[in-house]
Amino acid sequence: MRQVGWGIVGFGWVAQDFAMPAIIAAGHRLVAVHDTGAGAADAVRRSGANWHETLDAFLADPAVDAVYVATPNWSHGAVVGAAAAAGKPVLCEKPMAATLEQAEAMAVSVARAGVLYGTAFDQRHHPAHRAIRDALRSGRVGQVTAIRITYACWLPADWSPNGGVDNWRIDQARAGGGALMDLAPHGIDLVDFLLDEPICSITAMTQRRVHDYPVDDGAVVVGSTGSGVLVSLSVAYNHPDALPRRRLEIVGTAGMFVAENTMGQDAGGCVTFIDADTGSRSALPVSDLDVSPFTRQMAAFSDAVRGTAHSFDAVRDLHTMRLLHRCYESAACP
């Protein structure tokens, strides 16, 4: 099958360290980049891709078959709208946008253009999470009653993965929120993926407990699915990295899965099954555990661009944004 020529808008840390290697590992090509940030041109030249100074020139590049958007959240809408108008399939980093209104406009723009759109929820492509979903469908844990997720990190105000780039993730206007906006979308979407049903009721509490910046540095989310599975999600920017901070638990009437260090951009981690009758523990076999979820995500979207059946869904992703919006609304209530 033909290689997909990828273009990237926003050539920062995630694009350079995760998306670009994933595109290549999936057997495709990075052909073009648009980024006006200082130092971007040098990084693009090292990648071998064409650097375009303007978004219009980038979208006019005939080598670009698909666009990956990794700009700050507030600018997703304009880039996705322009790409959609140009007829380009778009994979956009999460969250969908900085505000619900921006996300709704994005959904309209891709629907009107009739282009393929996906939000980059890489956790649904992690091999361990796919193995857990298969086991849940086979009834391994019986009737699922609860899902508990911890996904946290340490993110100080001066955090900069590649140096010299300001930390837009703590800027309300550009990010739309803090730890809740950045980390909770992964958990909310993962519940939908694992159970084949979305969260329908949700509430949250946030904190600004440790770091001196204007967005939340921690949050607890509680929700339930339509069938009654209870969900709790703890996210934080104020959690020291040396402490356990990436954990997924699925509890059922016949057993429980505990996944450690599978949440996140990296491959690996482990999944343990605990039998409800005996308490015995056993490892859940996971194929391709060493394959990055980013690589699987880029492969899946590339397949979708080439016409293969897929599960990317702008309407589902907009529902996740609505849940995030409800979380912030509930957290603001006394």
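Between domain 1 and domain 2, the count is 5 residue pairs in polar contact, both residues being at pLDDT 80 or more. A polar contact is a pair of N or O atoms within 3.5 Å; within protein, one atom must be able to donate a hydrogen and the other to accept it, and residues adjacent in sequence count only if both atoms are side-chain atoms. Helix 1 (13-25) and helix 9 (293-305) each supply at least two residues of the side of domain 1 that touches domain 2. Helices (H or I, at least four residues) and strands (E, at least two) are DSSP runs, numbered from the N terminus.

The count of salt bridges between domain 1 and domain 2 is 2. A salt bridge is taken as a side-chain nitrogen of Lys or Arg within 4 Å of a carboxyl oxygen of Asp or Glu. Lys94 forms a salt bridge with Asp182, with the closest N and O atoms 2.5 Å apart.

## Basis of the description

The model is predicted: local features need pLDDT of at least 70 and side-chain atom pairs count only at pLDDT 80 or more, while totals for chains, interfaces and linings use all residues. Residues are numbered from 1 along each chain as its sequence is written, and side-chain values use heavy atoms, with hydrogens and water left out.

## Domain layout and buried area

The domain assignment of the protein chain gives domain 1 (5-120 + 295-312) and domain 2 (123-291); such bounds come from an automatic or database domain assignment. The C-alpha centres of domain 1 and domain 2 lie 25 Å apart. Their contact (heavy atoms within 4.5 Å) takes 19 residues from domain 1 and 22 residues from domain 2.

Domain 1 and domain 2 bury about 1600 Å² between them, of which 58% is on carbon and sulfur atoms. Buried area is the accessible area (1.4 Å probe) that two parts lose on being put together, summed over both. Of the area that domain 1 buries against domain 2, Trp13, Lys94 and Arg296 supply 40%, more than any other three residues.

## Salt bridges

Side chains of opposite charge can pair when their charged atoms come close. The count for this model comes to 16 salt bridges. One of them joins Asp65 to Arg2, with the closest N and O atoms 3.6 Å apart. Asp65 lies in the loop between helix 3 (55-60) and strand 4 (66-69) and Arg2 in the segment before strand 1 (5-9), so the pair ties together parts that are 63 residues apart in sequence. Asp65 is partly exposed at a relative accessible area of 23%, and Arg2 is partly exposed at 45%. Here buried means under 20% relative accessible area, exposed over 50%, and partly exposed in between (1.4 Å probe, protein chains only).

Arg174 forms a salt bridge with Asp166, the closest N and O atoms lying 2.7 Å apart. Arg174 is partly exposed at 24%, and Asp166 is partly exposed at 43%. In the salt bridge of Arg247 with Glu249, the closest N and O atoms are 2.7 Å apart; Arg247 is partly exposed at 33%, whereas Glu249 is buried at 12%. Salt bridges that share partners also join Arg124, Asp189, Arg316 and Asp317 into one network.

## Strand pairing

Strand 7 (residues 144-152) pairs with strand 11 (residues 246-252) in the antiparallel sense over 7 bridges. Two strands pair if DSSP finds at least two bridges between them. Arg148 stands opposite Glu249 in strand 11.

Strand 7 also runs parallel to strand 10 (residues 230-236), joined to it by 7 bridges. Tyr151 stands opposite Val235 in strand 10.
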